[in-house]
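Please read them with the structure open.

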Amino acid sequence: MNALVVIQASRNIARIAAGLEVSVIFVQRAGTDTRFLLESGHEVYTFDTSDEREVRGFSSSVLSRRQPAGVVSLSEDGLLAAAWASHALMLAGTPPAVVARLRDKAAMRFWLEDHAPRLNVRFAVPEVSRSDYVRLFKPGRAVVAKPRFGTGSKGVRLVEDKFGAPAEVLSDAYLLEEFIPGAEFSVETFSWSGQHEIIAITEKVVDPATFVEIAHVTPPTNLSAGDIAMVAAATRDLLDVVGLESGPAHTEVKITDRGVVVIESHNRPGGDGIADLVEITTGFDLRSASLRWPLGEHIGWGNARASAAATAFFTAAPGRVASIMKLPPPPSGVRMESGVPHVRVGDVVSSLTSSADRVGHVMVSGRDPVTCLSAVLHMTESPLVMTEEPV
Amino acid sequence: MAVAIICRDNVARFRRGRGWVVPVAPTERYLIGTSFGGRLSALEPDQFPYVMALDIRDDDLVKDVVRWCVVSKGVQRIVALHEKCLMVAAELRDELHLAGDDVATTLRFRDKVVMKDALRVAGFDAVPRYRAIAAGDVPAEPPWPGGRWVVKGRLGVGSTEVRIVDGWLAVNDAVAELARIMPELEVEEFVCGHMYHCDSVVVEGQIEFAAVARYFAQPGEYAPGGVAGSLLLPDCALRARILRLNHDVLDILEMRSGVTHLEVFHTPDDLLVFCEVAARPGGGGIDRIVERAYAVDLVECAVRIQCGVAPLLPNSNPRPAGHFGVLGVYHPLVGDARPLDDATLRGRGVLEYVHSRRVVPGAVVHCTDYAHRVIVEGESYSDLERRMRKIAAAVTGGTG
């Protein structure tokens, strides 16, 4: 079979892709560290993957000779490039317009406003409509500001009142929307020709001040069968409305008095180890399925290893990493799946403003989600990383 | 000015300490190389943000990438130092109207028949007898009388496609064998004698710098576990004669600007006979001994010239700072040669030592595929040779 082009692969995705039965061509953003790919002898191209003209030009001029069977990205900042390349090479893939609709949080809000207001929340892009922005603020309603193209909760913040917004959130780069209180759920789906299969639902725990995700658990700790059906229906509804026909999606929703609303959605599997939680509890390998679907391969469900699984993240005070402790042992009733620090001694830890500022994680599996979640939250209460003042 | 660098070697060849010899900003560098054998492991993303790691043997793919770099990224120069990349680079320059060596010039330094034809036509007669040949095209009778013959790929590199055979019948076998790798061949008379090389830097048709060295081993004597290398020749009559021959050859072959590596035989009856010349720096550590002796970095000069930037050269042809040589020892036929210990190297004037793991198993493929590369300094030329022989003997178990 011809090659698979993988755009913006992480180390983990590169490892999985290299295990496929096809040759793999990696395309990475210019200037990123590709040594982990080069050291393994892979075919690698780096250029400006955020530039549509560049991606299309490179695809037609260089990649076309290799007649790749598919182009894929499992990384947020590679999704558009994969769509442009697939389109340029006339290969199966999610159309660029659909990816752009999901990638730009404001574009998704506008699309839902026109096509499925039932799934939407009140929102404003101050640069587009100052009156919408003013109307967004009501007594008793919290407003959250998000970078339109942000990832990992970076830059997400609560805005207290319309006069207190920092200048940057009033720019075109930000979306403001009403803050929906309550638990948030991630829905992992896989779609084939417009049929959306719900693979798993996970519940997330976020830091209330920064919105950074600090834990995930699947299945959710407290969702009724009716709630699950409602979440599943809303997710399928969303995917139909935005036009996603094939491939993975990771959709974040909340349940409100007026039904399920969409927080955001992406045509890739969830990050943060969610794919691992899903594989443990369902046997479905989201990463492998996502890499294989552009090749026309439809992988099935494997065997679940446990009924529930959870992961939580360690945080640390800002500063330079002085020492790293041993991971705490898991409490009885759960099985340790993985746990590693994400930093080394000497690294600098920033204050918690995005997922990238977390310093380690643990993941456990067990019989029920409540036990798993309380186990990982308990384990991450003890510090993993000690920092000192940055030098 | 953006440049595309076609790099078939280890990219570390362009590295000097913390810097790189490519005289353009990192964002203007487009590196086309191969990750085979860890050849791109030394890359630093901030120094080479644009990397195209591909099958460097696929000329069509390389051309596609360079065309894209030229058309989309404004690349104006192509750098290529490896013999096997020179023609690709020249073809692209011609096609894309870029400055630098064109196909006609490159062919005169790449095709062993074309270069000798050009020399003979110009009246240069220090050329061995030769004839282009192909599989199925070997005459029944030898074209000139002789017992020992050399069969070579016309576009061969680094002695890879060279066979020295005895008797005309054996020429048939050598041609049949080599034709499987390389269809265009030549047969040449075997020239007895020591082989020397002359490495020069040419700017606008003037030889601005040249060094002469003698090969440590006889031509074609590379074999698993064997030794090779060169010793820089001090001022002497023979050196002056080789410099003159080098000048004549480069003049006839119309080298405008670039770094060249010429090989010549010195026969027992004191004649100089041209072997071949390439428009690139010599490999196998030749650049290291030239830099030690003359503070001239041949690789950097070649890169700068191909980038359209003046090479960094001393004001006049300098005197050598000492007596320097490079000794190369090949891996054994089976297994990897282990790094040499201090006892082998100590007290023998060793300035640099590099151990390289074997990339391709089995016999020696390229004459500079050294397991051990040792840069040696001697008190005199004869002392240098003695030290190199001692090291060679210590490594190979010989008598020295």
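This is a predicted model: local features need pLDDT of at least 70, side-chain atom pairs count only at pLDDT 80 or more; totals for chains, interfaces and linings use all residues.

1. Asp59(B), Val62(B), Lys63(B), Val66(B), Arg67(B) and Val70(B) supply the α1(B) side of the contact. By class, the contact residues are 6 nonpolar and 5 charged, with no polar ones.

2. Now the geometry of that pair. Helix α1 of chain B covers residues 59–73, and helix α2 of chain B covers residues 83–96. Their axes lie 11 Å apart, and the packing angle is about 40°. The two helices are therefore oblique to each other. The crossing of α1(B) and α2(B) is right-handed.

3. Next, the sheet in chain B. Four strands form an open sheet in the order β7-β10-β8-β9, with antiparallel pairing. At the edges stand β7 (130–133) and β9 (162–166) of chain B. Each has a single partner strand, so one side of each is left without a neighbour in the sheet. On average, neighbouring strands of this sheet are turned by 25° against each other, direction ignored.

4. Look at one strand pair in that sheet. Strand β8 (residues 148–153) of chain B and strand β10 (residues 185–189) of chain B run antiparallel, joined by 5 bridges. Val151(B) has Val187(B) in β10(B) as its bridge partner.

5. Two helices belong with these strands. Helix α5 (residues 168–179) of chain B packs on the sheet and touches β7, β8, β9 and β10 of chain B. The direction of α5 makes about 160° with that of β9(B). Helix α4 (residues 112–121) of chain B lies across β7, β8 and β10 of chain B. Helix α4 runs at about 140° to β7(B).

6. Most residues other than glycine have a negative phi, and most peptide bonds are trans. The bond between Thr218(A) and Pro219(A) is cis, with omega about -10°. Pro219(A) sits in the loop between β11 (213–218) and α8 (225–242) of chain A.

7. The loop between β9 (184–192) and β10 (195–206) of chain A holds Ser193(A). Ser193(A) counts as exposed, at 63% relative accessibility.

8. Asp272(A) is not a glycine either, yet has a positive phi of about 60°. Asp272(A) lies in the loop between β13 (259–266) and α9 (274–282) of chain A. With 22% relative accessibility, Asp272(A) counts as partly exposed.

Definitions and conventions
Residues are numbered from 1 along each chain as its sequence is written. Chains are lettered from A and ligands numbered from 1 in the order in which they are written. Side-chain values use heavy atoms; hydrogens and water are left out. Axes are lines fitted to C-alpha atoms, for helices over the stretch in contact, and angles run from 0 to 180 degrees between N-to-C directions. Angles under 35 degrees count as roughly parallel, over 145 as roughly antiparallel, 65 to 115 as roughly perpendicular and the rest as oblique. A crossing is left-handed if the near helix is turned anticlockwise from the far one by less than a right angle, and right-handed if clockwise. Contact means heavy atoms within 4.5 Å. Ala, Val, Leu, Ile, Met, Phe, Trp, Tyr, Cys and Pro count as nonpolar, Asp, Glu, Lys and Arg as charged, and the others, Gly among them, as polar. Two strands pair if DSSP finds at least two bridges between them. Buried means under 20% relative accessible area, exposed over 50%, partly exposed in between (1.4 Å probe, protein chains only).
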